[in-house]
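Here is my note on the structure you asked me to look over. Please read it with the sequence and the model open beside you.

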Amino acid sequence: MAYGAIEVDELLARRRLRRKLLTWRIFAFLLLLGGGVGLFAWWSDGDYLPRSQPHVARVTIGGIIRNERERLELLEEIGNSGARAVILSIDSPGGTVVGSAALYDGLRRLAAKKPVVAVVDGMAASGAYIAAMGADHIVAPRNSLVGSIGVIFQFPNFAELMKTVGISYEEIKSSPLKAAPNMFDPPSEDARAAVRSLVEDSYSWFKELVAERRLITGDKLAQASDGRVFTGHQALPLRLIDEVGDERTARDWLARERGVSKELPVRAWRTQRAGDEFGWLKGMVVGAMSLIGLEELATTVLRTASEAAAQARLDGLLALWHPHGG
């Protein structure tokens with residue numbers, strides 16, 4: 001009987017050991033799973049953090065600004081998420097006045113719910129600067145490009161070329177300024193004046209917005225809004241930016257002025273729009289070029305091509321900076 005009792009005790013001890021081992025294995029699995037999820041979230045730049053979890057949202061504005069419907073919807077989603085603040089990362093030469101103004105309005109609506117700080121990541125010119133003014137605070141690196149406060153209306157004219165090749169163009173219209181100017185006739189003075197009035201009206205709105213948002217008046221406003229771009233270092237005394245720095249500077253401001261903890265993770269929010277007309281080509285070409293050490297060159301060329309394609313679709317009044325075109 002004693003021998004049998006020992007066997008029963010050993011059996012019970014083994015069962016208890018198995019239960020303990022199973023418990024520890026489950027605990028270790030959950031620990032590894034949690035660590036893996038955390039590592040993946042860190043590696044993916046916060047893309048897969050739950051939207052309801054407290055975080056700092058990062059929204060990128062790059063390339064040509066035009067129809068911003070998807071990005072405006074994204075800003076509304078951020079406003080209803082667990083984000084405690086928003087970092088607006090900007091690297092853009094601008095775009096259409098309508099698209100830039102819509103983006104500004106969307107950012108002001110978002111700023112009514114959560115603090116928004118803009119960080120210039122290379123360039124915030126023309127329409128992109130309109131968007132930057134939608135933030136509560138603007139930070140730019142010393143050698144970034146900021147400003148280009150102005151509006152432009154561009155149109156090609158092939159009248160002389162058509163004369164050279166012997167092509168004529170006829171039209172019947174309801175009034176002289178209908179569809180004027182066009183690319184087939186030399187613009188009349190009335191047509192020039194009509195377009196100039198559009199440009200001046202939008203330019204006046206742009207300057208008033210700068211004066212209101214950046215608290216600039218008089219000679220300083222005239223200097224800041226003469227159409228040129230400034231480095232971040234030059235823009236600071238003109239009050240076009242608030243600080244020289246980068247995203248770390250932005251996090252410092254959020255912590256200091258708005259009480260947003262620096263420990264909060266950053267989650268990158270993106271629209272469903274590709275944003276790159278050559279996204280599939282970029283992945284293939286950049287991957288191949290990186291094998292021979294030319295990844296940076298491939299990225300630069302494809303980005304230029306993408307922006308050129310986007311600019312070709314622009315129409316109407318533009319708030320756009322380009323060293324060769326306005």
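The points below go from the whole chain to single places in it.

1. Basis of the note. This is a predicted model, in which local features need pLDDT of at least 70 and side-chain atom pairs count only at pLDDT 80 or more, while totals for chains, interfaces and linings use all residues. Residues are numbered from 1 along each chain as its sequence is written, and side-chain values use heavy atoms, with hydrogens and water left out.

2. The whole protein. The secondary structure comes to eleven helices and nine strands, where helices (H or I, at least four residues) and strands (E, at least two) are DSSP runs, numbered from the N terminus. Of the 326 residues, 37% are buried; buried means under 20% relative accessible area, exposed means over 50%, and partly exposed lies in between (1.4 Å probe, protein chains only). Among contacts with a separation of 6 or more, 76% join residues 24 or more positions apart, a contact being heavy atoms within 4.5 Å. The protein exposes about 19100 Å², and carbon and sulfur atoms supply 58% of that area, as computed by the Shrake-Rupley method with a 1.4 Å probe.

3. A charged patch. Arg-14, Arg-15, Arg-16, Arg-18, Arg-19 and Lys-20 gather in a patch of positive charge on the surface. Such a patch is made of residues with over 30% relative accessible area and no salt bridge, like charges being joined within 9 Å; a salt bridge is a side-chain nitrogen of Lys or Arg within 4 Å of a carboxyl oxygen of Asp or Glu. Arg-16, one of these residues, is found in helix α1 (residues 2-43) and counts as partly exposed because its relative accessibility is 45%.

4. The loop between α8 and β7. Leu-236 is found in the loop between α8 (232-235) and β7 (243-244), and it is partly exposed because its relative accessible area is 34%. Leaving aside its neighbours within four places in sequence, Leu-236 is in contact with Ile-241, Asp-242, Glu-243 and Val-244. The C-alpha atoms of Leu-236 and Arg-142 are separated by 9.2 Å, although the two residues are 94 residues apart along the chain. Arg-239 is also found in the loop between α8 and β7, and its phi is near 70 degrees, a positive value in a residue other than glycine.

5. A further positive phi. Leu-215, in the loop between α6 (189-214) and α7 (218-224), has a phi near 55 degrees, again a positive value in a residue other than glycine. Leu-215 counts as exposed because its relative accessibility is 60%.

How values were computed. Patches are made of residues with over 30% relative accessible area and no salt bridge: like charges are joined within 9 Å, nonpolar side chains (Val, Leu, Ile, Met, Phe, Trp, Tyr) within 5 Å. Lys and Arg count as positive and Asp and Glu as negative; His and the chain ends are not counted. The place of a charge is taken as NZ of Lys, CZ of Arg, CG of Asp or CD of Glu.
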